[in-house]
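Colleague: Can you walk me through this fold? I'd like to begin with the sheet.

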Amino acid sequence: MVSYYNRKAAVAYANKWWDSFNPEFPRFQDDCTNFISQCLYAGGAPMRGAPNRGEGWWMIGLNERWSYSWSVAHSLRWYLETSKQGLRATRVNSVDQLQLGDVIFYDFQGDGRIDHSTIVTRIEQGIPYVNAHTSNSTDREYSYEDSTAYTPQMRYYFFHIADEFTD
C-alpha cells in the first residue's frame, strides 16, 4: 500500500497545537518529539512496529503505549535515518534542501546525542522557521540562537521527510 505525506496537513497541525496539547495524545514533560510525531502522523505518516517499543514508530491509545521513536528525539532521529518502509526520511546537508513539514533535530552539546526536535512550518528567504514543544514556540528561526539551550557546539540534523510511504 502506498500513502503520501501531506506537508500542508502536518504544518496545519503544528500551527494549531504549538501552544497547547491535543487531548487525544499522551503529554510528556519533555514533549518535543511527541509533538513532532503527532505532526508527522497528521500529515499521513503511517505507524508501524507495535507493540515492540524499540521497533518502528507508533503510539497506541491515550497514555497506553508508544515506541521510543514516538517520544524520544534521539530515537526518532535514528528511526528516520534507518527506516526502509513506512515513515522514512533522508538526512540532508543544508537548510536549502528542506521543505515545509520536514524535521530538524538539535544536539545542543555537540556530543552526538540528539536533545530536541522541531518541524519546519515556514521558509522565508531560504531560512526555515519551526514550531516546537517543551519550550513551546512557533515561527522561530531554526538556528535557535535565541534559546537558553544554545551553545557554540550545537549541531543540527536536517531530515527531509519522504513524499511517499510504502508498507
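Modeller: Bear in mind that this is a predicted model. Its open sheet is built from six strands, ordered β4-β9-β5-β6-β7-β8, and the pairing is antiparallel.

Colleague: Which strands stand at the edges?

Modeller: Those are β4 (89-92) and β8 (137-141). Each has a single partner strand, so one side of each has no neighbour in the sheet.

Colleague: And how are neighbouring strands turned against each other?

Modeller: By 35 degrees on average, direction ignored.

Colleague: Back to β8. How many bridges does it make with β7?

Modeller: Three bridges, in the antiparallel sense, with β7 covering residues 127-132.

Colleague: Now the helices. Which strands does α1 lie across?

Modeller: α1 lies across β6 (116-124), β7, β8 and β9, and runs at about 110 degrees to β6. α2 also packs on the sheet, where it touches β5, β6, β7 and β9. The direction of α2 makes about 50 degrees with that of β6.

Colleague: What about the largest nonpolar core, which residues touch the most other members?

Modeller: There are 31 residues in that core, and the ones with the most such contacts are Leu40, Trp57, Leu80, Leu87, Phe105, Ile119 and Ile161. The elements giving two or more residues to it are α1 (7-17), α2 (32-42), α4 (73-82), β5 (103-107) and β9 (155-161).

Colleague: What does Phe105 touch?

Modeller: Leaving aside residues up to four places away in sequence, Phe105 touches several residues, among them Leu76, Leu80, Ile114, Tyr157 and Phe159. There is also a second, separate core of 13 residues, including Leu98, Ile104, Val120 and Met154.

Note on methods. Residues numbered from 1 in each chain as written. Predicted model: local features only at pLDDT ≥ 70, side-chain atom pairs only at ≥ 80, totals over all residues. Heavy atoms only, no water. Core = buried A, V, L, I, M, F, W, Y, C linked by side-chain atoms within 4.5 Å. Buried < 20%, exposed > 50% of the residue type's maximum accessible area, 1.4 Å probe, protein only. Helix = DSSP H or I, 4+ residues; strand = E, 2+ residues; numbered from the N terminus. Contact = heavy atoms within 4.5 Å. Pairing = 2+ DSSP bridges. Axes fitted to C-alpha atoms, helices over the stretch in contact; angles between N-to-C directions.
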